[in-house]
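Reader: I'd like to go through this one with you. Can we start with the overall fold and then move to the details?
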Amino acid sequence: MWSPGFLPTTTDEAAETLLDSPPLAVFTGLLGEPVATEALARLAQDLAWQRPTLRLFGREHPIPRHQVWMGSPEARYRYSGRDFTPEAWHPDVATIRDAVVERLDAAGITAHFNSVLLNRYADGEERMGWHSDDEPELGLDPLIAAVSLGAERPLRFRWKTREAEAFNAWLPHDSLLLMGPGVQRRLQHALLPRRLPGLRISLTFRLVKAETSGD
Ligand SMILES: O=C(O)CCC(=O)C(=O)O
Ligand SMILES: [Fe+2]
């Protein structure tokens, strides 16, 4: 399905490769307009956005953004020691998921997703700290596709071994960031606070393996 050193095919003119190995690439113009802007407005309005708290040194802290888990019923997920059942697919999210699968397919990449974490950042102060998407439910070396709508912000990457410099992946409105096999094992990413205005919603599509999702 994926060969080492794979690049999205050069026939996709709106793809930019950030890393060959592990594969990291940005595709632009995923949905087109007005679909992308309408989806941003509807998702911001319609979804049951939550601000769960994380326990840190014995104190509860609300996360610095809002989020929603969505997906198929079998895609149960553990996150920060808690068990989540995903919300049912919103029609816009299903449309975006299908557009991602189609775009990747056109680049020669077969992908399947049964869940998505949506994050809503009201402005540049809202953020996500350093992490890898390496939960056991995702299996070894998952393929994760992150769609960005709204304000453009950089997703910062750093190597776990510090073998090379940290770098930014700038994610414009209506773009798709492909994090291929090895990205979660070898790098971390963070959406750092920036003095940038504007609402941004990201959708990170994942495949949760049912057989390992229980306790
Ligand atoms: O908002 C982003 O682009 C990052 C989201 C992310 O890292 C995640 O959902 O795991
Ligand atoms: Fe992530």
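Author: The chain has 3 helices and 15 strands, where helices (H or I, at least four residues) and strands (E, at least two) are DSSP runs numbered from the N terminus. This is a predicted model: local features need pLDDT of at least 70 and side-chain atom pairs count only at pLDDT 80 or more, while totals for chains, interfaces and linings use all residues. Residues are numbered from 1 along each chain as its sequence is written, and chains are lettered from A and ligands numbered from 1 in the order in which they are written.

Reader: What percentage of the 215 residues is buried?
Author: Buried residues make up 33% of them. A residue is buried if 20 or more other C-beta atoms lie within 10 Å of its own, exposed if 12 or fewer, and partly exposed in between, with C-beta atoms placed from the backbone.

Reader: Switching to α2. Which of its residues are buried?
Author: D92, V93, I96, R97, V100, R103 and L104 are buried in α2. Seen down the axis of α2, they fall within an arc of 140°, so they line one face of the helix. That arc is of the directions from the helix axis to the C-beta atoms.

Reader: And which are exposed on the other side of α2?
Author: P91, D98, E102 and D105. α2 is followed by G108, whose phi is positive, near 85°.

Reader: What about L43, where is that?
Author: L43 is in helix α1 (residues 35–46). L43 counts as buried because it has 21 C-beta neighbours inside 10 Å.

Reader: What is L43 in contact with, leaving aside neighbours within four places in sequence?
Author: D92, L118 and I201. Contact means that the C-beta atoms, placed from the backbone, lie within 7 Å.

Reader: Now ligand 1. Which residues surround it?
Author: L117, N119, M128, D133, A146, L155, H189, L191, S202 and T204. A residue is near a molecule if its C-beta atom, placed from the backbone, lies within 6 Å of it.

Reader: Which strands each supply at least two residues of that shell?
Author: β8 (115–121), β14 (187–191) and β15 (200–206).

Definitions and conventions. Two residues are in contact if their C-beta atoms, placed from the backbone, lie within 7 Å.
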